[in-house]
Amino acid sequence: DQIPGSRFRVQVEPPTDPTKCITTGLGVAPQGVRVKELAPFTVKSKEAGAGEVTVAVTGPKGKIACEKKSAPYVDDFTYKPEEVGKYTVDVKFAGKHVPGSPFSVAATDA
């Protein structure tokens, strides 16, 4: 039997998979960054499905600003550590951590 009013259109999208995101760059590198210098990194999400990349950077005294420039499936981020210490970079895609996140980054003045 047919359901009355059937022939519904359904938009099917591939599932969202944050594990398919690739994060690279100095700003997430374990060897660290230099204080008062820009710390850039890139998140590529082409294979991850539909979703938005969000980032939160926390330094020794709390959250710090992080700039974002987006293109299709590629998001470029930059932050600038202002003091020596440990920084945590949380990178999420569609609300879930990408591989390696949260990243632990040391900022030095040397």
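The model is predicted, so local features are reported only at pLDDT of at least 70 and side-chain atom pairs only at pLDDT 80 or more, while totals for chains, interfaces and linings use all residues. Residues are numbered from 1 along each chain as its sequence is written, and side-chain values use heavy atoms, with hydrogens and water left out.

**Stop 1: the aromatic rings**

Select Phe41, Phe77 and Tyr79, which form one aromatic cluster. Rings of Phe, Tyr and Trp (its six-membered ring) are paired when their centres lie within 6.5 Å; planes under 30 degrees apart are stacked, over 60 edge-to-face, and the rest tilted. The count under this rule is two aromatic pairs.

Begin with Phe41 and Phe77, a stacked pair with 5.2 Å centre to centre and 15° between the planes. Because Phe41 belongs to strand S3 (residues 39-44) and Phe77 to strand S7 (residues 74-79), this pair ties together parts that are 36 residues apart in sequence. Strands (E, at least two residues) are DSSP runs numbered from the N terminus.

Keep Phe41 selected and turn to Tyr79: these rings form an edge-to-face pair, with 6.3 Å centre to centre and 65° between the planes. Tyr79 is in strand S7 and Phe41 in strand S3, so the pair ties together parts 38 residues apart in sequence.

Next, colour the selection by relative accessible area, where buried means under 20%, exposed over 50%, and partly exposed in between (1.4 Å probe, protein chains only). Phe41 is buried at 2%, and Tyr79 is buried at 1%. Phe77 is buried as well.

**Stop 2: Val89**

Move to Val89 in strand S8 (residues 85-93). This residue counts as buried, at 0% relative accessibility. Display its contacts, defined as heavy atoms within 4.5 Å. Beyond neighbours within four places in sequence, the partners of Val89 include Phe41 and Tyr79, along with Gly27, Val55, Pro102 and Phe103. A distance label between the C-alpha atoms of Val89 and Phe77, twelve residues apart along the chain, reads 11 Å.

**Stop 3: the cysteines**

Finally, select Cys21 and Cys66. A disulfide is a pair of cysteine sulfur atoms within 2.5 Å, and a search of the whole structure finds zero. Cys21 is in no disulfide, its nearest cysteine sulfur being that of Cys66. Cys21 is buried, with a relative accessible area of 5%, whereas Cys66 is partly exposed at 26%.

Notes: Helix = DSSP H or I, 4+ residues; strand = E, 2+ residues; numbered from the N terminus.
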